[in-house]
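Please look over the protein shown below, first as a whole and then piece by piece.

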Amino acid sequence: MSKRRLFLCGIALIAVAGGIFGGYHMVQSKEKTEPQVIRVGITMYNQYDPFTEEIRHNIEDYLAAYGTENDLEVDSTVVYSGKNQLVQNDQVIDFIDKNYDVICVNLVDRTDPSVIIEAAKSADVPIIFFNRELVEDDLKRFNKLYYVGARPEDSGKIQGQIVIDALNERFDEIDVNGDGIIQYVLLEGEAGHQDAILRSRVSVETIKAAGYEMEMLGDEIANWDRKQAQTKMTSMLAGYPRQIELVLANDDNMALGALDALTEFGVQNNPLIVGVNGQEEVLLDISEGKIEGTALNNAKEKGRIIAELSMGIAIDGRPPEDIQMEDGKYYYVPYERIDNTNVFKYTNSQ
């Protein structure tokens, strides 16, 4: 072969090699510029609960902000189970089948997460349960199960302390019948729900521990629902039109239902009402003296923690270092007391 032909072949080989490696470099560069896609599935027990909807909004907002700040594409999908655990089981399995990175679950039935846990374990997909705490033994069944919520007994203590402070200041005004005993009614969330059980028990125990005698006139399940609470409160008012001196509501939605019933019934001296969550409408009623106080269940902070936890687990396979998990699995957002002394701080921040 002549030197000229050898020279031309060499040029051709260099060109081909340059094309191959140049193409490889272009593919690599393209891959590097395309944002990573993180897929987060969110299943809610019910779409008509104002508080859990607030958490859901915050999860989505923080996920979107995290994606923007870190040049990531975050695909979050929300589904509702209509208070049906079988439907929710299928929703989680569908997320798994579609290769979602993390699934956030607001459980329908906190005592029945087995199908979800076994499906997640088999597929090695992490689950973040939130706002409905499952049994401790269930959370231990798979090393990629987490829970974000708040300690319900703390909300009961805050409710009790709000009542104690009110009784210390104006007992004679609250004790309408002057018998030295506080007659009260309970409006509870779902039957068997951990938060409902502990809030109800601890709030009453806290008040009694302060030396006040109490008499329960009614205990009704209202399922966190304003209309149901109004109906149940109306029924109790029919039986005790002037005797109810205190309403302990497991959440603000039911506290509002109680207030609706009292207004419609035409009660002249409203009993003391306390709730839990810190809903905007309740904050207004506290500022106007219609409701005594509430325990803020910080939906914004819960949403932030759940979103950040989701991203950390999806990207690094573990919770972020700045989120300190208890026993590697739990994160509890503290409750905050709100009454007429500090309510304006919270209304101004809404």
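## A residue in a loop

Two residues are said to be in contact when they have heavy atoms within 4.5 Å of each other. In this predicted model, glutamine 47 touches Glu53 and Tyr80 in that sense, once residues up to four places away in sequence are set aside.

Glutamine 47 lies in the loop that joins strand E1 (36–44) to H2.

## The protein as a whole

The protein has twelve helices and twelve strands, and buried residues make up 49% of its 350 residues. Among the contacts with a separation of 6 or more, 72% are between residues 24 or more positions apart.

In soluble globular proteins, nonpolar side chains tend to be buried together. Here the largest nonpolar core has 31 residues, of which Leu187, Met233, Ile244, Val247 and Ile291 touch the most other members. At least two residues of this core come from each of strand E6 (181–188), helix H8 (226–239), strand E8 (246–249), helix H9 (252–265), helix H10 (280–287) and helix H12 (343–348). The largest share, seven residues, is supplied by H9.

Which residues does methionine 233 contact, leaving aside its neighbours within four places in sequence? Methionine 233 is in contact with Val185, Ile244, Val247, Ala258, Ala261 and Leu262. Apart from this core lies another one, of 26 residues, which includes Met44, Cys104, Ala307 and Ile313.

## Helices H2 and H11

Two packed helices are described by the angle between their axes and the distance between the axes. Helix H2 (residues 50–69) and helix H11 (residues 299–316) pack at an angle of about 45°, and their axes are 7 Å apart. That angle makes H2 oblique to H11, and the crossing of the two helices is right-handed.

On the H2 side the contact includes Phe51, Ile55, Tyr62 and Tyr66, while the residues on the H11 side include Lys300, Arg304, Ala307 and Met311. The residues of the contact between H2 and H11 divide into eleven nonpolar, three polar and four charged.

## Helices H6 and H7

Helix H6 (residues 152–174) packs with helix H7 (residues 194–209) at an angle of about 35°, with their axes 7 Å apart, and H6 passes H7 in a right-handed crossing. Among the residues that meet here are Pro152, Gly156, Val163 and Leu167 in H6, together with Asp195, Leu198, Val202 and Ile207 in H7. The residues of this contact divide into seven nonpolar, eight polar and four charged.

## Helices H9 and H10

H9 and H10, both of which supply residues to the largest nonpolar core, pack at an angle of about 50°, with their axes 9 Å apart. That makes H9 oblique to H10, and the crossing of H9 and H10 is left-handed.

Where these two helices meet, Asp252, Leu256 and Leu259 belong to H9, and Glu281, Val282 and Asp285 belong to H10. The residues of the contact of H9 with H10 divide into three nonpolar, no polar and three charged.

Technical notes
Residues are numbered from 1 along each chain as its sequence is written. This is a predicted model: local features need pLDDT of at least 70, side-chain atom pairs count only at pLDDT 80 or more; totals for chains, interfaces and linings use all residues. Side-chain values use heavy atoms; hydrogens and water are left out. A nonpolar core is a set of buried Ala, Val, Leu, Ile, Met, Phe, Trp, Tyr and Cys residues joined through side-chain atoms within 4.5 Å. Buried means under 20% relative accessible area, exposed over 50%, partly exposed in between (1.4 Å probe, protein chains only). Helices (H or I, at least four residues) and strands (E, at least two) are DSSP runs, numbered from the N terminus. Axes are lines fitted to C-alpha atoms, for helices over the stretch in contact, and angles run from 0 to 180 degrees between N-to-C directions. Angles under 35 degrees count as roughly parallel, over 145 as roughly antiparallel, 65 to 115 as roughly perpendicular and the rest as oblique. A crossing is left-handed if the near helix is turned anticlockwise from the far one by less than a right angle, and right-handed if clockwise. Ala, Val, Leu, Ile, Met, Phe, Trp, Tyr, Cys and Pro count as nonpolar, Asp, Glu, Lys and Arg as charged, and the others, Gly among them, as polar.
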